[in-house]
Amino acid sequence: MPAETQKAPKTDLRQLANDILTRALKAGATDAEAVVYEGDEFSARVRLGQVETLKESGSRAVGLRVFLGQKVASTSSSDFSGDAIERLVEGAIALASVTSVDPFTGLPEPDEFGQLEGDLKMYFDDVNQLPPAERIEIARRAESAAMAFDTRIQNSGGADFDTGTSHKILTNSRGFTGEYRRSYCGFSVSPIAVDEKGGMQRNYWYSSSRTASRLESPEEIGRIAAERTLRRLGARRVPTQKAPVVFSPEIARSIIGNIFDAANGDAIYRHATFFADMLGKQVAGENITVVDDGTMMLDGIAGFGTSPFDGEGLPTRRTVLVQNGILENYVNNTYTARKLNMKSTGNASRGLAGNPGIGSGNFYLEPGTQTPEEIIAAIPNGLYVTETMGFGVNLVTGDYSQGASGLWIENGELAYPVEEITIAGNLKDMYRNIVAIGNDLVFRSSAAAPTIQVEGMTIAGS
């Protein structure tokens, strides 16, 4: 019986998508694309052992994109009734008729469509089978472990447990139909520590997976969260100076993530990025190789950014953006590829409404061979960054400036916590001055980077 329960909505949604497509073409669309989404979410928040919030929700929605020659428009609805679908189609056609002609718009060519075959292990039903009481208990255990770790942990920002499953179907008038299911589960905890002077610090840690069976121990996550919080107690400012900066994996991920944004085909054709006109040229040190891979499997299950096809129905693939410091590829959807006289890299991202954007698969910096401890041990004086604040990146110029906190490095060791400082540089220089790359590449989301050391950044403090 459970198998039949799984199949019923799948058949219904696929039929709905086909019906919408048929109606759009009958209404005069020269091409059309429909996407149907169904999802379930659960969220529990515990603070000091008590349940603060408990949410469970389900949603279904449909999006339609229609083309009248080289005119395009899109509409969406969460109402699946016949009248609502009729209004959805009529609204899309009416909008398209009054939009301007765009010679680059349109669905991909028929021979470009496709999808990865076989079970990519993207969906695990155990995230739904875990009873709510057990999910809450995992959050409680993580918080309890953090609170019990040290007497200086005197409060809690709370602990969360979240699950989500989704089912997506994409079909278009050029013969492509594809669908997939995804699952997610994870929990986190944010303890608060107080020092002898009453100063308070907060930090966090988390575990996430596509399957409940791969979640880490709540006690281990609580312990790590407590350690990360305690090491911030007694933080101070440091004098303004130039020094080596080591970025923890969580922060290195955002530094390297700017490479994807800078190589985004939309930014390239608008000349709104410092990577414009840099294809085939050196943009980073020879030790830098950056990859986007929408096909990646990690220990036998799909990465968080893995899917069989992109937002337009093209098969996902592995694209090397930077190879040994050379910018090898931009990332494109069909529209930006046409603008640049290139091919799509299978990076179209699609919501319910609007035209496709550009999104990453599993995006990462290839790891090096040094441990984080070895990188730190080689630095007489420098900064180890564990948190950045604000948004201070200009992709047009590459200028980078962000508030930061972390730990000061003295004689190759983490000496004391620092805060209320600003780190600044230019991404064009920073990517060339990454002098060390750690071996600690771990995917906790769809983007990841190991520890990196950047030379010559400005640290603004007291």
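Predicted model: local features only at pLDDT ≥ 70, side-chain atom pairs only at ≥ 80, totals over all residues.
**Entry 1**

N324 sits in the loop between strand 12 and strand 13, the latter covering residues 326-327.

N341 belongs to the loop between helix 8 (334-339) and strand 14 (348-349). Its relative accessibility is 73%, and therefore N341 counts as exposed.

**Entry 1: helix 4 against helix 5**

Next I followed helix 4, residues 132-149, and helix 5, residues 218-230, whose axes come within 7 Å and cross at roughly 40°. That angle is why I wrote down helix 4 as oblique to helix 5. I also recorded the handedness of this crossing of helix 4 and helix 5, which is right-handed.

Which residues of helix 4 and helix 5 meet? On the side of helix 4 I listed I138, R141, A142, A145, A146 and F149, and on the side of helix 5 I listed P218, E219, G222, R223, A226, E227 and L230. Sorted by class, this contact has 8 nonpolar, 1 polar and 4 charged residues.

**Entry 2: helix 5 and what covers it**

I stayed with helix 5, which has 13 residues and reaches 18 Å from its first C-alpha to its last, close to the 18 Å expected at 1.5 Å a residue. Its buried residues are P218, I221, G222, I224, A225, A226, R228, T229 and L230. I asked myself what covers these buried residues of helix 5. The cover includes helix 4, strand 4, strand 5 (177-194), strand 6 (200-202), strand 7 (205-209) and helix 6 (249-262).

The buried residues of helix 6 are E250, I251, A252, I255, I256, G257, N258, I259, F260 and A262. Its end C-alpha atoms are 20 Å apart, which agrees with the 20 Å that 14 residues should span at 1.5 Å a residue.

For helix 2, residues 82-98, I noted 17 residues and a reach of 25 Å from the first C-alpha to the last, close to the 24 Å expected at 1.5 Å a residue. Buried in helix 2 are A84, I85, L88, V89, A92, I93 and A96. To read such a list I kept in mind that an α-helix has 3.6 residues a turn, so residues three or four places apart point the same way.

Not counting residues up to four places away in sequence, A17 touches A34, V36, I169 and T171.

G164 lies in strand 4, residues 153-172, and I put it down as buried because its relative accessibility is 17%, where the cut-off for buried is under 20%. With residues up to four places away in sequence left out, G164 touches D40, E41, R182, S183 and Y184.

F309 is placed in the loop between strand 11 (301-302) and strand 12 (318-323). Is F309 buried or exposed? At 2% relative accessibility, F309 counts as buried. Leaving out residues up to four places away in sequence, I found that F309 touches G114, Q115, L170, F176, G178, E179, Y180, L314, P315 and T316.

**Entry 3: K242**

My last stop was K242 in strand 8, residues 241-247, which is exposed, with a relative accessible area of 64%. Apart from its neighbours within four places in sequence, K242 is in contact with G456, M457 and T458. I also noted that K242 and G406 are 164 residues apart in sequence and 16 Å apart in space, C-alpha to C-alpha.

Terms used: Residues numbered from 1 in each chain as written. Heavy atoms only, no water. Axes fitted to C-alpha atoms, helices over the stretch in contact; angles between N-to-C directions. Helix = DSSP H or I, 4+ residues; strand = E, 2+ residues; numbered from the N terminus. Parallel < 35°, antiparallel > 145°, perpendicular 65-115°, else oblique. Left-handed = near helix turned anticlockwise from the far one by under 90°. Contact = heavy atoms within 4.5 Å. Nonpolar A, V, L, I, M, F, W, Y, C, P; charged D, E, K, R; others polar. Expected span 1.5 Å × (residues − 1). Buried < 20%, exposed > 50% of the residue type's maximum accessible area, 1.4 Å probe, protein only.
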